[in-house]
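Please consult the sequence and structure shown here alongside the text.

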Amino acid sequence: MTSVLELPKISADAHVDEPHDLWYQRLGPDLRDHAPRRIRASDDGGWSLVVNGSPIGWNELSAEEAAIKEAERVAAASPDVRLKMMTTDSINAEIVFPTIGLYAWGIANPAVGQAVCQVYNDWIREQIGGHDRIKLAAMVPTWDVDMAIAEVERVCVDASVGGLLLPLVGNPDWNSRQWEPLWSVIAASGRPAVMHQGSGHDMIFYRGWGSGTANLLATQSMAPRAAALLSCSGILERHPRLHAVFVECNGGWISWAMQTLDYYYQAHDEIGWTKPKLAELPSHYIRQQIHSTFQDDPVAITNLADTGAECLLWGNDYPHPESTYPHSAKVLERLFQGIDINSTRAIIAGNAQRLFGFNESVLKDVP
């Protein structure tokens, strides 16, 4: 019997820690006052983007200490460091997301937002682009649909780009008709739309005792909301090649969302409230075109009979504190005990290989 330890693994959720002075150094002088600096945890249970501030962003350190920290962050965004992580954690490949950049969609000024996305996309491709084991999620500036389409077309000439990063919450909402041209372009690109938890909305839902943990639950609840908009609006039906991957949102919600949406779709259809009419139930489109990543989610595995395996992707979330690195193999061995080999293989590598466009050769061995 094949062990999980012997199977290839692709992390569908990994991150890079951008240098704190990345945008300050690369944005034009007229935009530097709006340059993202760091993410700061607030006392009331949320997280926010710190804009500008000191040139480096490490106010509590001396200039010399700050320079060392920045050098470490730049060094960590290199193929050698990424490959060393894969070897240590026994994984074959990864797709990399920003960290500070996830908060960029809170920027109000469209010109700044567009420049911030472009700076990150150019920098990350310079740092770790062009490697067969590393795919990149390119930030899409969604302050304007034409702006978004232009950046999708600009970055998709690079085979290193495996996913197109949109905020989890759209403004306006993703079922708005104005986004229809963007869905067409993304579908035609062959890349999935990837939406990371915590992006596109205020991270502070609650304040006070327990709010930090409660806020993480609340932000993950945006995933079933987005899945409902994409499926029930007919977007997924009109664009059968469009896939959406919700990142770091866990997967236990997928079965609940399927059942709930189907129930109300049918109930409302009987009294003429359902618009638009779909060829299939919402669960059909979710099962075929919606996916979500998890680190350690036994509920998602328990619900495989409802959802199927194609909905789920595993990721180690390196190098964040809640990462399963460097013990991912032990986590996966526990989660997939008793699960059939085909489902296991799909969730821990096959789905990511197909969706993000990794060459099958990366599945042969760990670097």
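A polar contact is a pair of N or O atoms within 3.5 Å; within protein, one of them must be able to donate a hydrogen and the other to accept it. The model discussed here is predicted. Two topics follow: the setting of Gln 295, and the packing of α5 with α6 and with α4.

**Gln 295**

- Gln 295 sits in the loop that links β9 (290-294) to α12 (298-302).
- Its relative accessibility is 11%; because buried means under 20%, Gln 295 counts as buried.
- A polar atom of the Gln 295 side chain lies 3.2 Å from the backbone oxygen of Glu 322.
- Beyond its neighbours within four places in sequence, Gln 295 is in contact with residues including Asp 13, Glu 248, Asn 250, Trp 314, Asp 317, Glu 322 and Leu 335.

**Helices α5 and α6**

- Helix α5 (residues 145-155) packs against helix α6 (residues 180-189) with axes 9 Å apart and an angle of about 10°.
- Angles under 35 degrees count as roughly parallel, and α5 and α6 are therefore roughly parallel to each other.
- Val 145, Ala 148, Ile 149, Val 152 and Glu 153 of α5 meet Pro 181, Leu 182 and Val 185 of α6.
- This contact of α5 with α6 comprises 7 nonpolar, no polar and 1 charged residue.

**Helices α4 and α5**

- The axes of helix α4 (residues 110-128) and α5 cross at roughly 10° and come within 12 Å.
- This makes α4 roughly parallel to α5.
- In α4, residues including Pro 110, Cys 117, Asp 122 and Arg 125 meet Met 147, Glu 151, Arg 154 and Val 155 in α5.
- The contact of α4 with α5 has 4 nonpolar, 3 polar and 4 charged residues.

Key: Residues numbered from 1 in each chain as written. Predicted model: local features only at pLDDT ≥ 70, side-chain atom pairs only at ≥ 80, totals over all residues. Heavy atoms only, no water. Helix = DSSP H or I, 4+ residues; strand = E, 2+ residues; numbered from the N terminus. Buried < 20%, exposed > 50% of the residue type's maximum accessible area, 1.4 Å probe, protein only. Contact = heavy atoms within 4.5 Å. Axes fitted to C-alpha atoms, helices over the stretch in contact; angles between N-to-C directions. Parallel < 35°, antiparallel > 145°, perpendicular 65-115°, else oblique. Nonpolar A, V, L, I, M, F, W, Y, C, P; charged D, E, K, R; others polar.
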